[in-house]
Amino acid sequence: MYGQRRDGYGDSGYPGNTCRPDNCLFIVNPDQADADHDGIGDACDPCTDKDGDGAGDCCYAASICGFDNCPTVPNPDQKDSDGDFLGTLATLVRSIGTTNSGSGRRMR
Ligand SMILES: [Ca+2]
Ligand SMILES: [Ca+2]
Ligand SMILES: [Ca+2]
Ligand SMILES: [Ca+2]
């Protein structure tokens, strides 16, 4: 017998299947970058959304699903209670980070 499955080789008739699939079939993207790891390349992903809350991250040309006001924390409501265009959670994260890092401390 031959032609065992799961032998690590593509089946005959599918010459392309030894390679990883192109994550943007119609766009040239040799780096195959996929920042949010959803299998759709950054170059053609309509929503590059690294924290998975449904709001897109900044600066991806193909991403048209809005702008996440807190790209590192899932905040589907995009709440911004103080109206500074930074999400409430982002403001919190930033203030905690400032407190913990001590970078703002002045030495005399
Ligand atoms: Ca491509
Ligand atoms: Ca993607
Ligand atoms: Ca997001
Ligand atoms: Ca978010």
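**Entry 1: contacts along the chain.** I started with how far apart in sequence the contacting residues are. Counting contacts in the protein with a separation of 6 or more, I find that residues 24 or more positions apart account for 0% of them. I'm noting here that this is a predicted model.

**Entry 2: the overall count.** Next I looked up the secondary structure, and the protein comes to 1 helix and 0 strands. The helix, α1, covers 88-101. I also checked burial: of the 108 residues in the protein, 17% are buried.

Entry 3: Which residues have a positive phi although they are not glycine? I wrote down two. His-37 has a phi of about 55°, and Phe-85 has one of about 70°. I kept these because most residues other than glycine have a negative phi. His-37 sits in the segment before α1, and Phe-85 is in the segment before α1 as well.

Are they buried or exposed? His-37 counts as exposed, because it has 8 C-beta neighbours inside 10 Å and the cut-off for exposed is 12 or fewer. Phe-85 has 9 other C-beta atoms within 10 Å, so it is exposed too.

**Entry 4: Pro-21.** I moved on to Pro-21, which lies in the segment before α1. I counted 9 C-beta neighbours inside 10 Å, so Pro-21 goes down as exposed. Then I looked up its distance to Gln-32, 11 residues apart along the chain: the C-alpha atoms are separated by 9.7 Å.

**Entry 5: Asp-22.** Asp-22 also belongs to the segment before α1. Its count is 15 other C-beta atoms within 10 Å, and that makes it partly exposed, because a residue needs 20 or more to be buried and 12 or fewer to be exposed.

**Entry 6: Asp-34.** I found Asp-34 in the segment before α1. With 17 other C-beta atoms within 10 Å, Asp-34 is partly exposed. I then asked myself which residues Asp-34 touches, not counting those up to four places away in sequence. The list I wrote down is Asn-23, Gly-39, Ile-40, Gly-41 and Asp-42.

**Entry 7: Lys-50.** My last stop was Lys-50, again in the segment before α1. Lys-50 is partly exposed, with 16 other C-beta atoms within 10 Å. What is Lys-50 in contact with, leaving aside neighbours within four places in sequence? I got Ala-35, Asp-36, Asp-57 and Pro-71. Pro-71 is 21 residues from Lys-50 along the chain, and I noted that their C-alpha atoms are separated by 7.1 Å.

Definitions and conventions:
Residues are numbered from 1 along each chain as its sequence is written. Chains are lettered from A and ligands numbered from 1 in the order in which they are written. This is a predicted model: local features need pLDDT of at least 70, side-chain atom pairs count only at pLDDT 80 or more; totals for chains, interfaces and linings use all residues. Helices (H or I, at least four residues) and strands (E, at least two) are DSSP runs, numbered from the N terminus. Two residues are in contact if their C-beta atoms, placed from the backbone, lie within 7 Å.
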